[in-house]
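The entries follow in the order I made them.

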Amino acid sequence: MLRISKWTVYGFTFLFLIVSTLIELFIFRYSPTSLPPTKNRFSGERAAKHWKVLTQDIPHRFGSTAFYNFSYQYVKDNLQIYQNIANERKNFNFTIFEQSGHINENRMSPIMQYQTDVRNLFALISPFNNSKPPIMLSGHLDSKNTGPGAYDDCAAIVTMLEIANTLVESNLSLKTPILLFFVGTEELGLHGSTLFLQQQPINITSYMNLEGLGAGPPFAFVQKGVKSKNAIKAWMSRLGALAFTFPDDVLKIGAMHTLSDASRFMQAGLSGGEAEFLGNPSSYHSPKDVMGDSSHLQLSGDSALTYILNYNDDAEDCDVRAVGVSPFLIMWPSYYSRSKQKFEINFKVLSNFDEIFKLIHSNECHNIMRIMLYIAFVVIVIKFLFRVSLINVFENIAKCILAWIGSIIVLCLIATLLYYFNPLSYGFSTIFASIILTFVSVFSFVNFLSLFEFEQEIVLYCVPIIIDLVLFGAMIELDLSLFPEFQLLLLVVNSYTFIMSRTISAIINFIMHLPFLLFWILLLRTVILYAPNVDTIFGELSPMFIVALFPFVVLIPFLPFSCIKQQENKQQQENNHNYWESPKLVKSIFYYSDWIAFFICIFYLVVISYPFGGILNIPVIATHVVDKSGSFLSISPEGGQRFLKVIKNTIKDHNEIQIELQKNHPMNHYDCLFKNISYSLPDMISEWPQYKFHTEFPNPKNANEKNVTFTVTNDNPGLHKSAVIVKCKTNQNCVTHVPGFSNLTTIQTHNETRFIIRQCPAFFPHNFSFTVNSHEPIMVDVTFSYNEYSNELKEFMNEFPHYVIPFAQIGMIGDTLLVSHDMI
């Protein structure tokens with residue numbers, strides 16, 4: 001009989017953790033930010049001059065504000081300079097054109113239902129006598145009004161400006177025309193890209209959208225279009241380029257809905273992808289999204305310019321899955337396109353290495369390799385079936401699954417402790433959290449697994465075979481199917497373990513698991529960073545389920561290398577037992593050191609990592625709500641009740657401020673801390689906005705149906721958005737129609753249903769209409785939102801610890817909100 005050696009498994013885990021830590025340090029801290037000077041001559045320092053103007057000289061570029069208009073004109077003026085250079089040098093056709101229109105759509109941001117000033121800017125750079133459709137680089141001009149948006153998405157804008165400058169001032173040649181698309185008002189609901197696709201001012205071959213989800217490197221290809229092979233090959237032609245397409249899996253299973261322009265291009269069936277800055281995500285949509293080092297622009301510029309110079313639009317394109325750091329890339333055709341491909345082999349003489357390279361990367365070669373892999377798999381399975389009992393195989397699989405379920409239960413219990421005793425979770429280091437959670441998961445799995453006995457060592461080789469097949473079937477339409485498919489190659493290795501050295505076999509197994517390790521690092525790091533922002537216990541459970549993948553997928557193939565034979569001599573067992581139970585303290589501590597480490601890790605997660613003293617930034621929404629009958633100040637953390645616990649505990653010594661916890665305030669459907677103050681019009685608002693409702697009865701046979709037009713009748717400088725909140729009785733849909741919309745935004749409360757009809761931005765004069773159906777008068781709230789802090793709100797915020805920072809205005813909430821009550 002066999003048992004699992006805990007310390008052997010711990011050894012493999014320790015080796016994986018060292019490698020994963022080194023990979024994470026390299027990718028996220030020490031990865032090269034740029035290449036040595038190349039022929040393309042992109043200048044990060046020149047791009048940084050534009051960066052300074054658009055991020056340091058103005059506070060933000062929020063849609064349709066004066067700062068946004070300045071940014072739009074600045075980009076246009078510089079494009080005209082480059083156009084003049086191209087005309088003088090006569091090396092390219094350089095055309096600038098604009099697009100404007102009105103958007104009524106609410107698929108992405110249903111609460112922002114009107115956008116009346118969408119402006120897109122384009123620069124088409126093409127070789128003479130070349131009429132091919134261009135490949136497109138895109139980035140959005142606007143930012144949130146909470147900060148300068150240096151990486152989201154100003155870095156993309158200045159990168160494209162400098163690419164235009166580089167092309168017109170160099171002797172570079174283009175195979176395909178290039179379209180630089182400066183997208184308008186992305187942050188208001190992807191309106192610029194929506195308008196582009198609705199009007200189709202120009203046809204394109206493919207797209208590459210440049211985005212920023214964090215401050216600084218790495219800069220990676222992370223999201224793909226309907227077809228992506230040509231885009232990934234062009235992207236990875238730059239040495240050191242990073243690509244992994246697994247974020248698409250999150251979209252395919254519906255776990256998250258992306259809000260970038262790339263989602264619009266993908267929905268339209270375009271080929272290409274999206275590259276993103278993935279540095280510190282805590283800066284995303286916050287005041288901390290500030291200008292960084294010019295080498296970061298050098299990185300994005302070298303990557304984007306290399307992409308457009310190496311893109312081959314003549315090559316056959318298809319959907320692929322990819323992971324790697326150039327020149328090491330695993331790229332495999334996706335099942336979506338593979339099922340439609342016709343399998344053909346063309347035998348021909350290979351004249352040079354280029355032809356060999358093309359054949360290796362061809363779909364035909366991938367199909368041949370896959371067929372050989374499946375044949376090898378069938379041979380190995382037959383070979384195993386003659387040596388083992390299927391009953392024993394499935395018995396061992398059941399034992400592994402039971403141990404895995406046990407480890408998940410332990411992780412869920414830890415998640416519950418974190419949720420109630422440490423709302424912020426995981427401390428300050430994603431690397432420490434990754435290592436600790438992985439150890440806890442492995443410890444639980446191994447200790448449950450050590451309770452079982454196993455018969456033949458050969459039986460354990462069948463366990464990963466079956467598990468890989470199950471994973472392969474479950475992931476067959478996901479990019480993650482690359483890993484179980486890739487791990488099927490391990491079967492060939494494992495089948496010859498009795499001939500090959502066990503050490504060599506283990507090393508080969510380890511090397512072939514490295515691609516999964518890269519995915520696991522990226523996924524776990526992202527989940528840990530964002531989990532505390534989830535207001536429910538699922539914020540704690542999500543990283544636990546991810547980390548549970550590690551022992552189940554990575555360590556199970558190493559079980560055959562971790563087995564030891566049971567001691568048959570009872571006296572020998574007793575002697576061994578006495579040996580470990582001897583009074584020698586050092587030996588006892590070593591034997592129980594994994595238990596000691598386990599409880600130390602739990603203590604760290606629950607207690608030590610709690611940010612006492614408020615040294616961790618917590619994003620909050622701060623609002624001054626002014627009602628003619630009174631006013632209040634409020635703060636609402638993005639993470640809801642979890643962050644409120646931390647804030648309330650920190651400010652409890654401020655006796656001079658009476659802070660109350662209010663859930664679902666009539667004018668605030670978020671959990672918040674608020675303070676009532678006396679009524680006064682904020683200092684930056686000169687007068688209350690004037691408005692009127694005009695009602696018509698279009699149907700003489702139905703006196704309950706009314707067309708209502710809302711109009712603001714006076715100019716209000718600084719007014720950002722206005723909204724009419726129609727309050728119907730519970731479960732009553734009294735708003736029947738809003739022009740241009742099929743689905744209306746609603747908020748359900750205990751005694752009413754609220755319909756939000758919003759115009760954003762609020763230009764003067766502005767109006768909108770809607771239809772209601774009710775036999776009695778309907779209560780409405782009219783709100784006017786200003787994106788500026790009042791003096792009262794500033795004083796209120798100053799009373800809080802320094803870790804509380806303002807965040808983006810979302811939902812019904814703005815910095816200063818004026819509220820009127822009316823009847824229609």
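Is C154 buried or exposed? I looked it up in this model, which is predicted. C154 has a relative accessible area of 0%, so I wrote it down as buried. C400 is also listed as buried, at 0%.

**Entry: the disulfide**

I searched the whole structure for disulfides and found 1. The partners are C728 and C734, with their sulfur atoms 1.6 Å apart. I noted that the cut-off for such a pair is 2.5 Å. A disulfide is a covalent bond between the sulfur atoms of two cysteines. I then looked up the torsion about the S-S bond of C728 and C734, which is about -55 degrees, so I recorded the disulfide as left-handed. C728 is buried, with a relative accessible area of 3%. C734 is buried too, with 1%.

**Entry: salt bridges**

My count of salt bridges came to 9.

R46 forms a salt bridge with E162, and the closest N and O atoms are 2.6 Å apart. R46 sits in helix 2 (residues 44–55) and E162 in helix 4 (residues 150–169), so this pair ties together parts that are 116 residues apart in sequence. I checked the accessibility of each partner. R46 is partly exposed, with a relative accessible area of 29%, whereas E162 is buried at 0%. I also noted a network of salt bridges that links R46, E162 and E169.

Next I looked up D314 and K132. Their closest N and O atoms are 3.6 Å apart, and the two form a salt bridge. D314 is in the loop between helix 9 (294–310) and strand 10 (320–325), while K132 is in the loop between strand 3 (115–126) and strand 4 (135–140). The pair links distant parts of the chain, 182 residues apart. D314 counts as exposed, at 61% relative accessibility. K132 is partly exposed, with 31%.

The last pair was E395 and K399. How far apart are the closest N and O atoms of E395 and K399? They are 3.3 Å apart, and the pair forms a salt bridge. Both residues lie in helix 13 (residues 390–421), and they are 4 residues apart, so about one helical turn separates them. E395 is partly exposed, with a relative accessible area of 34%. For K399 I wrote down 13%; the cut-off for buried is under 20%, so K399 is buried.

Note on methods: Residues are numbered from 1 along each chain as its sequence is written. This is a predicted model: local features need pLDDT of at least 70, side-chain atom pairs count only at pLDDT 80 or more; totals for chains, interfaces and linings use all residues. Side-chain values use heavy atoms; hydrogens and water are left out. A salt bridge is a side-chain nitrogen of Lys or Arg within 4 Å of a carboxyl oxygen of Asp or Glu. Helices (H or I, at least four residues) and strands (E, at least two) are DSSP runs, numbered from the N terminus. Buried means under 20% relative accessible area, exposed over 50%, partly exposed in between (1.4 Å probe, protein chains only).
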